[in-house]
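Here is a short note for someone opening this structure for the first time. Please keep the view open while reading the points.

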Amino acid sequence: MTPIDIAPPEPRRPFRLTSGTAIVFYVALVRLLLYFKAGPHYGYFRDELYYLACGEHPAWGYVDQPPLIGWTAWLLEHTIGTSLWALRLLPALAGAGSILLSGLLARQFGGRRWAMFLAALATLMAPVLLGMSHLFTMNAFDLFFWTAIACLIVHIANTGRESLWLAVGALAGITILNKYAILFWLSGLLLGLCLTPLRRSLRQRWFWLGCALTAAISLPNFLWEWHYHFPFLELMRNVRESGRDIILSPPAYLLAQAQMLGFVAALLIPFALLFFFSKPGRPYRALGWAYLIFLAEMMFLHGKMYYLAPIYPMVFAAGAVWLERATQRRVWIWAKPALALGITAVAGVYAPTILPILSVPHFLAYEHALGIEQQKFENSEQGVLPQIFADMFGWDEMAQRVAAYYHTLSPEEQKKTAIFANNYGDAGAIDFFGPRYGLPKSIGGHQSYWLWGPRDYTGESLIVLGEEHESNMQADCASSTIVGNAETPLSRPDEWLPIYHCRGLKLNLQTDWSQLKRWH
């Protein structure tokens with residue numbers, strides 16, 4: 001295929017049911033239909049429970065993420081609630097929004113209906129994007145925010161409206177409050193601006209005012225990090241030293257990118273680079289440089305493979321435009337529908353391994369029949385279900401087992417008995433499910449739970465979750481009794497740990513709390 005110059009966009013016509021915008025809307029609607037199919041299935045994901053707990057402690061930051069996810073959880077709690085339907089509605093809407101923006105971005109690049117459709121379809125169907133737009137995590141919102149920023153930058157390139165850098169700055173600041181990974185992409189984007197025609201913006205006050213606005217919006221979080229001696233950096237160092245995350249070589253990292261995009265959709269990546277570094281893509285080349293620099297940064301720093309996911313809706317848009325124009329000759333007319341069918345077919349195969357759309361028995365049969373395994377991001381023991389699904393099971397049962405023992409205690413002992421969880425999943429489960437069983441809120445030393453302190457407890461009586469037998473805190477108890485365990489068939493095996501009652505902890509939680517910090 002020989003690329004040719006990008007033709008100008010089709011003249012605007014009145015809205016029709018077959019227009020490019022309408023087609024993109026239909027694709028986005030499919031994402032919402034998948035929400036109605038998969039939204040309430042299985043159970044709450046480990047991280048979702050933690051973010052709901054963060055929502056009970058609104059702050060300008062948390063140990064392991066910026067504040068926006070906690071604020072959003074607080075908003076849900078005080079509006080539509082925190083059922084699975086409510087919790088996963090915003091991620092689904094953000095996913096649908098990123099699909100719309102990807103299609104519209106293709107039009108801004110000069111694409112027509114096929115390009116808009118391919119961009120939207122790839123953003124819908126890429127397995128990693130499909131999974132991210134299902135769970136209530138920062139990743140779902142990054143997809144929308146990053147693509148919106150790209151749309152604004154392309155609009156600046158097309159129209160010369162430099163004042164839009166204020167909108168870019170505001171959105172970038174909000175995105176920093178969602179997840180710090182955008183800082184790496186912004187660094188690549190800044191270098192890309194210096195290397196491309198958009199460098200003209202560096203001479204305009206609007207660009208620098210936008211930068212100032214980004215700094216102003218994110219400043220309170222920076223001051224929070226400074227106040228607590230940058231806990232996020234300490235956490236990242238501890239994670240790296242622990243060997244928890246899977247480290248990939250550059251070739252393996254690139255292969256993982258193709259796999260998480262479903263291989264066929266990944267073909268749009270080289271097409272996007274051909275577009276950005278061709279004459280028609282020259283006005284937008286800063287985005288091409290930003291992708292390459294961001295990719296290099298993540299490979300060098302051994303970032304998790306899915307950290308690049310938010311950049312792909314804009315990459316798909318560019319790749320779809322190049323493909324549309326390069327296949328205008330009749331001999332290549334089959335390429336566009338072939339690619340669309342390939343993206344859909346691969347995604348259809350992977351979808352049940354990403355979204356909980358099958359019952360567990362049917363999923364296990366499906367996984368066994370096809371031999372498909374989910375990509376692993378951490379060095380954790382695999383159970384019956386892959387990690388992303390296993391982390392949706394066992395939490396309610398754990399709370400019930402704790403409650404069953406807790407209510408055997410006398411009212412006097414209950415008042416002084418704390419529920420101490422050694423990881424944020426266990427703690428979040430007690431905080432969310434516990435009240436319906438008459439349990440108090442938990443305490444713990446893991447991540448932000450350590451910052452929230454021991455409440456009024458001294459350590460005289462503790463029910464401890466998530467700790468290996470005869471280790472750490474248990475060794476400091478005057479007496480300890482195993483009262484249950486957290487084992488459930490579908491949960492993660494590394495959660496199958498004893499629940500024990502510690503009496504007479506040698507440490508005083510009010511004065512020795514600093515010794516219980518566990519950031520990893």
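Which residues does S102 touch, not counting residues up to four places away in sequence? Point 2 takes this up.

1. Basis. This is a predicted model, in which local features need pLDDT of at least 70, side-chain atom pairs count only at pLDDT 80 or more, and totals for chains, interfaces and linings use all residues. Residues are numbered from 1 along each chain as its sequence is written, and side-chain values use heavy atoms, with hydrogens and water left out.

2. S102. S102 touches A119, A120, T123, T147, P313, F316 and A317, leaving out residues up to four places away in sequence. Contact means heavy atoms within 4.5 Å. S102 is found in helix α5. Its relative accessibility is 0%, so S102 counts as buried (buried is under 20% relative accessible area, exposed over 50%, partly exposed in between, with a 1.4 Å probe and protein chains only).

3. Helices α1 and α5. Helix α1 spans residues 20-38 and helix α5 residues 89-108. Helices here are DSSP runs of H or I, at least four residues, numbered from the N terminus. The two axes come within 9 Å and cross at roughly 160°. Axes are lines fitted to C-alpha atoms over the stretch in contact, and angles run from 0 to 180 degrees between N-to-C directions. α1 and α5 are therefore roughly antiparallel (over 145 degrees; under 35 is roughly parallel, 65 to 115 roughly perpendicular, the rest oblique). Among the contact residues are F25 and R31 of α1 and G95 and R107 of α5. By class, this contact has 13 nonpolar, 3 polar and 2 charged residues.

4. Helices α13 and α15. Helix α13 (residues 250-260) packs with helix α15 (residues 285-301) at about 125°, axes 10 Å apart. α13 and α15 are therefore oblique to each other. P250, Y253 and L254 of α13 meet L295, M298 and M299 of α15. This contact has 6 nonpolar, no polar and no charged residues.

5. Cores. A nonpolar core is a set of buried Ala, Val, Leu, Ile, Met, Phe, Trp, Tyr and Cys residues joined through side-chain atoms within 4.5 Å. The largest has 139 residues, and F109, W185 and Y312 touch the most other members. Helix α8 (residues 138-159) gives the largest share of this core, 13 residues. Beyond neighbours within four places in sequence, Y312 is in contact with Q257, M260, L261, I269 and Y291. A second, separate core has 20 residues, including F420, C477, C502 and W513.

Key: Helix = DSSP H or I, 4+ residues; strand = E, 2+ residues; numbered from the N terminus. Nonpolar A, V, L, I, M, F, W, Y, C, P; charged D, E, K, R; others polar.
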